[in-house]
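Colleague: I would like to learn how to read helix packing in a model. Could you walk me through it?

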Amino acid sequence: AEAEAKGKGICYHPHNNFVHTWCASEARREKFSRRRDFDVVFWNYGGLHRLHLLPARPITVPGPRGPIQIGTLTTSQEYKEGLETCAKVVSERYPTAKIVYVLTNDVCSQNFAGPYAAAARTWATKQNDPMYDMQMTSVGVQTLRGHERATARLMGHTVLDPQNDGLCACTAKGDGRHYVDTDPRTLGRLADLVVSYRLKPDGRIVFVNR
């Protein structure tokens, strides 16, 4: 919403469960921003919130006003369908924007500790389980990325690979899926991917989508 008064710019949808409600609700989209003229939309469907690690990773956690949902137990087909629906909403809402889809982060399950580590070891052996391909390890990440690449091709969105596979030293112990130290590099690659510009005589910068 802060972008409302700042002219054209970049619209960034966070990687969290908010994206699902944004896609499903016109009212939520209008509350977030009524503008349709952003130059760039950089988004992800929040795939890590749709991967499971049962029984270690719960779907909800206790909150001061009741349970707080932190994830959604989702099958591979459900993820594909939800992603395609959301991508269509993004395309229709921002028809003139350069739309960039950032692939889901890799998961370094070897960095997990305690119950998470035990659950990851168990799920590595459950190839016949219907939810095997949606576990919160690199197995689930590859499932999501397959759907993400296919949907981006279908919708004409540009794909940005975060290139964090194997960078397990960049995640905190017990975490294994947040690569904060690599964010500047990712943003630099995003700029190289989508922005070219020229200076007008009055000093203003004019951006041109690639």
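Predicted model: local features only at pLDDT ≥ 70, side-chain atom pairs only at ≥ 80, totals over all residues.

Colleague: How are two packed helices described?

Modeller: In general, by the angle between their axes and the distance between the axes. Here, the axes of helix 3 (residues 76–93) and helix 5 (residues 138–155) come within 10 Å and cross at roughly 35 degrees. The crossing of these two helices is right-handed.

Colleague: Which residues in helix 3 meet helix 5?

Modeller: An α-helix has 3.6 residues a turn, so residues three or four places apart point the same way. On the helix 3 side you will find Ser76, Tyr79, Lys80, Leu83, Glu84, Ala87, Lys88 and Ser91. Their partners in helix 5 include Thr143, Leu144, His147, Glu148 and Thr151. The residues of this contact are six nonpolar, five polar and four charged.

Colleague: What can I look at in helix 5 itself?

Modeller: Start with its span: the 18 residues of helix 5 reach 25 Å from first C-alpha to last, close to the 26 Å expected at 1.5 Å a residue. Then check burial: Gly140, Val141 and Arg145 are among the buried residues of helix 5. The buried residues pack against helix 3, strand 5 (98–102) and strand 6 (158–160). Just after helix 5, Gly156 has a positive phi of about 75 degrees.

Colleague: And the strand residue, Thr60: where is it placed?

Modeller: Thr60 lies in strand 3 (residues 60–61). Thr60 counts as partly exposed because its relative accessible area is 38%, between the 20% and 50% cut-offs.

Conventions:
Residues numbered from 1 in each chain as written. Heavy atoms only, no water. Axes fitted to C-alpha atoms, helices over the stretch in contact; angles between N-to-C directions. Helix = DSSP H or I, 4+ residues; strand = E, 2+ residues; numbered from the N terminus. Left-handed = near helix turned anticlockwise from the far one by under 90°. Contact = heavy atoms within 4.5 Å. Nonpolar A, V, L, I, M, F, W, Y, C, P; charged D, E, K, R; others polar. Expected span 1.5 Å × (residues − 1). Buried < 20%, exposed > 50% of the residue type's maximum accessible area, 1.4 Å probe, protein only.
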